[in-house]
Amino acid sequence: MYGSFTGSLAGTGYFLAYQILGILLSLVVFHREKTGFSLLMGSVAGSFCLQWLPVLYAFFFGFTIQAHLYALFTMVLFVFFVLYRGRRKIHISLPGAADLFRNDPVLFLLIPLFVFLVITLNHHTISYAGGALHSGQSTYGDMNMHLGFITSIARQQTFPPDYSILPGTPLAYPFLSDSISSSLYLFGASLRTAYLVPMYFALLQVFCGMYCTAKYTLQTMGQACRQKSFLAFVLFFFNGGLGFYYFINKGFASENFTRIFSAFYETPTNYVSSNIQWHNILCDMLIPQRATLFGWAVLFPLLALLSRARQEKRTSYFIAAAIPAGGLVLIHTHSFLALGVLCAGFLVQDLYDACHAEETKRLPLACRFLAVLAFLLPMSLIRMKQQSDTPLPASTLLAMGLFILGCFAGIFIYYLVKGYSRKTALTWGIFLGIVLVLALPQLAGFTFRQAQGEQFVRGGFNWANDTDGYIWFYLKNLGVLFVLAILMLFLGTRKQIRLVLPACLLWLLSEFILFQPNPYDNNKLLLVSYLFFCIAIADFIWDTVPSMIRENPRQMRTITVSTVTALAVFSAVLTMGREYVSDYELYDASYTALARWVDTSTEPDDIFLTAPNHNNAVSSLTGRNIVCGSGTFLYYHGVDYAQREADIKVMYEDPLRRSELLKTYKVSYIVIGSQELSSYSIPDYDALLSLYDVVYDKNGVVVLAV
């Protein structure tokens, strides 16, 4: 659990070796691009190969050191082969510090923001205090599950892995966002080091990938991109709506305001009691949700690469994008789905351009107004229907979502027939072919096996909103950006509207179809759409709004940008402050000591009977199997755990049936501590201790060997 200094060096060195090899590979493949972009894509390639190559060998050798050495050797051979073939293409040109900040002023924000997240993550990730391990607010929940995946994959080394919190059940969750840390942990790195190091690189990949997506997208629009890309970066990562009102309405000195920094999950971007659910990306997505972080670390650079590929019509770029796109399924399924929908929209736009070489005029203002009204009015009426006594059934909502998809499919087929060209087949056709070859085995072997039952793909309207009207929900959650998005749709330029059309398709599908048991998780699709709206809105308020004022357009730009930015980021800044100061005990000293003993004194395949609490030190910190983990995790994975959960109660509370169930679940050890004693009533406690060997008894925690 605590690893060693040499182990941390070995694990970190193994990770950095992939980073270096990925960068060398990228310098050849993207030799035509600026060195900064090549470094980004190389870092992404390094992380991606570390996620996938050891896993491929693990099917034959288990998740072992041997498999990892074979994987690294394969990577080295491939990279040196590419370097040998393309050694004359490599061109490295790094600007000086002054030019770097002048060319990309976003660095003035990106660097301190990255430092803030590094400090916060370091504090939030099982930080040691007085014998206990602590976390922050956002990491108090899901981090326990991810720690369990990391430790169990590395310790048990069976592949494909099972749930350590439900032994015998194949792990269908996209686990490559955790196996990358398992690789470091396998080499002897401490759990903190293994958890954090890949996340630091992923954060930089997300930030730089988003910025490059904005920059290259604006370049394709023929617009100046530095300041607007900076603005889009701010609007996206500092997302927040009008939630701050619920905390400042009684004054900044009031207890109503100060509770932001003391209450548990009562922030201006996460205040469920008032239906504020557009959670801040930095604090509620990137810090706690590893699958989203590592998914976006691939997705955002891919979007930038696809923008370059479409602009250059370069087949090699489509091939380079297809490989990580196909591997996204087991990194983050939502990112794979979002990319698929967006690419379908991009392809239709390219086919449309082939049919209409000349730029068409934009629709008249009246037609745009009617189009926006034709969207908002039905959505508002459906929201009202869902709040009535006779809401539309899930099947009807699903049919609506499928109807939207069918309409798009009709448009797609029409333009495919009309605008087909050999160039389209060589670019998008190759891209799609490679993605399907790589993704279908993952979908069939893991995703579809998990996503069964009516709690997965089903109809559901307006994802997390159950109490507010449609317009009011988005107005208070997205704030000024919702207003600007509407204004842009009927006052913006043709290029701005074209930019958000694929994102609109993804947004609409996400409003009618739920893709997982937890409706809230649809925001992982909506936020990808939101990215493109932020880019278009940045262009809108930087150029279009000032151009409407004939006198002093520069002054109007300054006022507009300043006002929008202040309103847009205020809630996010307050949430970031709360996240920075948050501190909670995750594993108390008694269970931390127990985990250390378990990690050094028991076998990796031993099964423990414990309480199914979400912060279970045995499953999270040691990678050992427990009879059943928290339903908080298992339910949202679509796993049936009810019988096991009920049997835990029987094993603790019913002496007559205990022995039989212990054999059924092949229990090796029984844990009795404060968590178990507060959850169950053990009528024969003294007799139980005399019946089995007491192998551990410290700090109020007893372990019995069965």
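Which residue follows α2, and is its phi positive or negative? The residue that follows α2 is G62, and its phi is positive, near 75°.

## Basis of the model

This is a predicted model, in which local features need pLDDT of at least 70 and side-chain atom pairs count only at pLDDT 80 or more, while totals for chains, interfaces and linings use all residues. Residues are numbered from 1 along each chain as its sequence is written, and side-chain values use heavy atoms, with hydrogens and water left out.

## Helix α2

Helices here are DSSP runs of H or I with at least four residues, and strands are runs of E with at least two, numbered from the N terminus.

## Aromatic pairs

Rings of Phe, Tyr and Trp (its six-membered ring) pair if their centres lie within 6.5 Å, and planes under 30 degrees apart count as stacked, over 60 as edge-to-face and the rest as tilted; by this rule there are 59 aromatic pairs. In one of them, the ring centres of Y140 and F264 are 6.1 Å apart with planes at 80°, so the pair is edge-to-face. This pair links distant parts of the chain, 124 residues apart.
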